[in-house]
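User: I'd like to learn how to read salt bridges in a protein model. Can you walk me through the idea and then a case?

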Amino acid sequence: MSKVILTHEVTGLGTPGDVIEVKNGYARNYLVPKGFAVVWSRGGEKQVEQIKAARAARALATVEEAQALKADLEKSKVKLSVKAGREGRLFGSVKTADIAAAVSAAGAGEIDKRKVEIPNAIKSVGDHKVLVRLHDEISATITLQVVAAK
């Protein structure tokens, strides 16, 4: 088992600043190369404090603000125009940054692209469900309408 410090949120493992133990191969082959974690060391304790401070600064201040943003997100229709072929298949796929930009363009509020979770890759036009984690215990489900760009 290998001890690592998470630098990004990883679903099922934890949030930035958490010190966790994972299997050696998972840390060596996935978490560290992708930049999701760094190997734990005694000097890393200072880094944990910096990561937690940065996370607190980015987090929504209160649960009430997260609830209000959740209500706004769930009632708004988010429309995203992307290049698509004749059969409705996209050239590539929809990224989390595209979704965050579409939400702010729709006037539903500002969200961080790192908080957006796409359950399955969006590679076709139509309506898709996307999850946005707003707070530790608050998540919103957005209906994303993907249309072909003219």
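Analyst: What follows is a short walk through the salt bridges of this structure. This is a predicted model, where local features need pLDDT of at least 70, side-chain atom pairs count only at pLDDT 80 or more, and totals for chains, interfaces and linings use all residues. Residues are numbered from 1 along each chain as its sequence is written, and side-chain values use heavy atoms, with hydrogens and water left out.

User: Okay, what counts as a salt bridge?

Analyst: Side chains of opposite charge can pair when their charged atoms come close. The cut-off here is a side-chain nitrogen of Lys or Arg within 4 Å of a carboxyl oxygen of Asp or Glu. That rule gives five salt bridges.

User: Which residue does Glu9 pair with, and what parts does the pair tie together?

Analyst: Glu9 bridges to Lys115, with the closest N and O atoms 3.6 Å apart. Glu9 sits in the loop between strands E1 (2–6) and E2 (19–22), and Lys115 in the loop between helix H4 (96–105) and strand E5 (116–117), so the pair ties together parts 106 residues apart in sequence. For the labels, helices (H or I, at least four residues) and strands (E, at least two) are DSSP runs, numbered from the N terminus.

User: Are Glu117 and Arg133 buried or exposed?

Analyst: Take the scale before the case: buried means under 20% relative accessible area, exposed over 50%, and partly exposed in between (1.4 Å probe, protein chains only). Glu117 and Arg133 are both buried, with Arg133 at 15% relative accessibility. By contrast, Glu9 at 30% is partly exposed, and Lys115 at 29% is partly exposed too.

User: How far apart are the closest N and O atoms of Glu117 and Arg133?

Analyst: They are 2.5 Å apart, and the two residues form a salt bridge. Glu117 lies in strand E5 and Arg133 in strand E6 (residues 126–133), so this pair ties together parts 16 residues apart in sequence.

User: Which residues are linked in a network of salt bridges?

Analyst: Glu9, Lys115, Glu117 and Arg133 are. The side chain of Arg133 also makes a polar contact with that of Glu9 at 2.6 Å; such a contact is a pair of N or O atoms within 3.5 Å, where within protein one must be able to donate a hydrogen and the other to accept it, and residues adjacent in sequence count only if both atoms are side-chain atoms.

User: And which pair involves Arg114?

Analyst: Arg114 bridges to Asp112, with the closest N and O atoms 3.1 Å apart. Arg114 is partly exposed at 43% relative accessibility, and Asp112 is partly exposed at 25%.
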